[in-house]
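Welcome! Please take a look at the model below, and then let us walk through a few of its details together.

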Amino acid sequence: KHAHAFDGKLHLLSGQLRELQDWQAFAAIPKLGELCAAMEKLAATDLPPLQKADSVRELQNQWRAIKPPTGKQAQALWDRFKLAGDKAWEPCAAYFDKEKAQRAFNLQQRQAICEALEQFYSAQDWSKADWKAVARILDKAKQEFHDFHPVERGEEKGIRARFDAALGAINGKLLAEQQANEER
């Protein structure tokens with residue numbers, strides 16, 4: 001009984017909704033076309049990868065802000081925009097892959113430094129240590145550890161803690177020897 005009372009209102013509102021969607025498409029389609037052209041132009045330009053990545057992201061944010069309508073024309077524009085975006089992103093992806101490989105290499109080198117310090121600590125006869133050489137090893141290890149930067153953010157704390165522990169153990173022996181010398 002109650003549903004029939006709202007049928008007329010629902011029919012009227014449905015018509016208004018379709019009209020608004022038509023106007024939305026009418027306003028959005030040219031803007032989406034402009035974004036497609038901008039992305040295609042960006043794909044053809046030779047910018048540094050980080051700058052190009054920022055530009056790609058900005059155009060994608062503008063696309064999302066328009067809230068594209070549904071329909072074949074909007075889908076065709078999306079396909080065009082996506083294709084141009086993928087093409088524009090290719091040099092960025094290569095750059096980011098290279099950066100990721102560099103961070104992985106740096107992590108491996110830092111792990112090797114930690115391992116070398118740990119082995120040095122356990123293999124050293126501390127009663128007969130060459131303390132000047134130990135100090136040089138510590139300085140060299142600090143410099144090399146710093147040189148192999150950056151690493152993945154998630155790995156930074158763990159490898160830093162391992163390095164600090166290995167360095168601290170050796171440095172503790174060095175400080176104990178210095179203190180013993182001062183007391184003598």
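With a relative accessibility of 1%, Asn 106 counts as buried, because buried means under 20%. This is a predicted model, so please read every value here as computed from it. Asn 106 belongs to helix H3, which covers residues 72–123. What does Asn 106 touch, once its neighbours within four places in sequence are left aside? Its contacts are then Phe 148, His 149, Pro 150 and Val 151.

Next, let us follow H3 to a helix it packs against. Helix H4 spans residues 131–147, and the axes of H3 and H4 lie 9 Å apart at an angle of about 165°. Because angles over 145 degrees count in this way, H3 is roughly antiparallel to H4. The crossing of the two helices, H3 and H4, is left-handed.

Which residues meet there? From H3 come Arg 110, Ile 113, Cys 114, Leu 117 and Phe 120, while H4 brings Val 134, Ile 137, Ala 141, Glu 144, Phe 145 and His 146. In this contact of H3 with H4, eight residues are nonpolar, one is polar and two are charged.

Cys 114, one of the H3 residues in that contact, leads us to the cysteines.

| Residue | Relative accessibility | Class |
|---|---|---|
| Cys 36 | 0% | buried |
| Cys 114 | 0% | buried |
| Asn 106 | 1% | buried |

How many disulfides does the structure hold? The number is zero. For background, a disulfide is a covalent bond that joins the sulfur atoms of two cysteines.

Notes:
Residues numbered from 1 in each chain as written. Predicted model: local features only at pLDDT ≥ 70, side-chain atom pairs only at ≥ 80, totals over all residues. Heavy atoms only, no water. Helix = DSSP H or I, 4+ residues; strand = E, 2+ residues; numbered from the N terminus. Buried < 20%, exposed > 50% of the residue type's maximum accessible area, 1.4 Å probe, protein only. Contact = heavy atoms within 4.5 Å. Axes fitted to C-alpha atoms, helices over the stretch in contact; angles between N-to-C directions. Parallel < 35°, antiparallel > 145°, perpendicular 65-115°, else oblique. Left-handed = near helix turned anticlockwise from the far one by under 90°. Nonpolar A, V, L, I, M, F, W, Y, C, P; charged D, E, K, R; others polar. Disulfide = S-S within 2.5 Å.
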